Amino acid sequence: MDFGTNRWRLYAALAGLGLAGIGCSADNKPQPPAVNSRVQLLAFTGTNACQDLEQYIEDTAVRDMRNTLESYRDETYSWGRGGPFFGEDAAGTPTASAAGAAKSTPTDYTTTNTQVSGVDEADFVKNDGTRIFALSGNTLNNSKSWPAADLSIQSKLEIEGWPREMFLDEHNRVVVFSTVWRQYALDSQVVDCTARYCGYWYSNTAKITVVDYSDLAAPKVTHEYTLPGTYNNSRRGGESVRVVLSSHFQMPPLVQYWPDNQTNNWWDDKPLRVSLFNALIDKNEKLIRDQALSDWLPNGKLTTNGVTTDLPFDCHSFSRANASTHLGTVGIVTLNLAKPNQLNQSVVMAEPGEIYASASNLYVANQHWWWWPAPGQKDTTYLHKFDISQPDQAVYVASGTLEGSIVDQFSMDESDKGYFRVVTTVSERVPDVMNP
């Protein structure tokens with residue numbers, strides 16, 4: 001696939017606007033939609049952007065719920081394909097500035113291994129030759145490492161939640177990514193997150209902590225961001241930090257996937273079974289459509305100098321694919337450390353898949369969703385390209401369709417001439433001859 005700039009622009013101009021047709025079988029049951037070979041992202045725009053976004057979320061949630069319950073009702077099996085996550089990379093190595101500099105700083109030191117030159121990759125240990133920063137448990141340990149004889153821990157800083165990775169930039173700033181739990185409208189239980197394991201098992205929020213280390217012995221937290229979703233990975237170029245978050249939408253707590261009031265022979269009594277499932281589908285749909293947009297998409301928070309403010313979503317930053325995708329979000333969050341009081345997001349309404357980033361472009365992949373299996377279906381991946389050359393935002397460029405699925409970020413690569421290369425594994429569903 002050629003992802004050169006000019007051809008991407010041409011493809012974007014030619015891309016179709018509608019979903020591929022959804023047919024019906026002889027029994028009027030909707031059939032899984034066909035792959036859209038002219039996929040593109042359609043933004044939510046205009047004065048009705050928020051209403052349209054809420055309508056899309058609820059329509060898609062109802063569709064997902066109906067497909068699942070109808071498969072139970074009719075004794076078929078639903079099938080969907082998500083994906084793992086991620087890709088990219090690198091940090092430059094400083095050199096001695098003048099003769100004699102080696103007396104005060106080392107001439108070389110180990111940095112994080114990276115996939116793409118010029119793109120820094122988050123890690124749980126970072127150093128700049130004279131200082132070492134290491135995450136252990138929920139603590140950021142900060143050590144003096146040069147001269148080697150003076151190696152010692154200078155300070156420790158407790159980080160909320162489960163710290164995952166961090167960046168160290170050239171201006172004495174450490175950016176730590178951790179996962180925490182917050183109570184949201186659609187959560188059905190309160191989770192006690194005092195134990196460290198909670199960050200792993202129950203986290204529903206990503207936290208970004210920016211720390212000033214001008215004084216290694218007295219670190220100062222300058223900004224804390226909490227954003228709904230799961231932290232997947234991040235990359236840094238200069239003062240721009242790109243964070244990839246994802247979420248699989250939660251249904252309202254009272255939504256059920258199995259009927260109540262069952263009799264002993266309810267499953268064998270087909271009219272009764274159909275009636276119970278149909279009633280449950282109607283009940284669930286009302287619960288889904290009664291939610292507000294703020295329930296589906298809760299605000300983030302920014303804390304600076306002890307003051308916490310809301311970070312509401314901008315409905316215009318959301319887009320959806322004109323193809324069949326499972327309900328979820330993939331958010332590209334841009335934090336410009338030169339302007340730390342604002343965040344910009346570009347959010348794709350789709351279940352998360354693999355992501356790759358070069359110094360100037362970021363690619364988001366997600367799988368075609370077939371609803372349920374049928375012979376002849378092939379795994380298909382939709383790829384969406386974003387321009388990240390601007391320090392404050394990620395700008396959508398165009399999309400493409402690939403047959404097969406992507407294993408991980410090492411299956412993707414962008415050449416120095418702008419060509420994007422992908423290796424996929426093709427799987428196709430075939431009839432089960434053993435159980436016709």
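Colleague: What share of the contacts in the protein chain with a separation of 6 or more comes from residues 24 or more positions apart?

Modeller: Those residues account for 63% of such contacts. Keep in mind that this is a predicted model.

Colleague: What makes the link of Cys 50 and Cys 315 a disulfide?

Modeller: The S to S distance is 2.0 Å, and the cut-off is 2.5 Å, so the pair qualifies as a disulfide. A search of the whole structure finds one. With 100° about the S-S bond, this link is right-handed.

Colleague: Why is Cys 50 called partly exposed?

Modeller: Its relative accessibility is 35%. That falls between the limits of 20% and 50%, so the label is partly exposed.

Colleague: And why does Cys 315 count as buried?

Modeller: Cys 315 has 6% relative accessibility, and buried means under 20%, so the label follows.

Colleague: How do you know that Lys 126 counts as buried?

Modeller: Lys 126, in strand 3 (residues 125-127), has 7% relative accessibility. That too is under 20%, therefore buried.

Colleague: What lies 2.7 Å from a polar atom of the Lys 126 side chain?

Modeller: The backbone oxygen of Glu 121. Since polar contacts reach to 3.5 Å, 2.7 Å is within the limit.

Methods:
Residues numbered from 1 in each chain as written. Predicted model: local features only at pLDDT ≥ 70, side-chain atom pairs only at ≥ 80, totals over all residues. Heavy atoms only, no water. Buried < 20%, exposed > 50% of the residue type's maximum accessible area, 1.4 Å probe, protein only. Helix = DSSP H or I, 4+ residues; strand = E, 2+ residues; numbered from the N terminus. Polar contact = N/O pair within 3.5 Å; in protein donor to acceptor, adjacent residues only side chain to side chain. Contact = heavy atoms within 4.5 Å.
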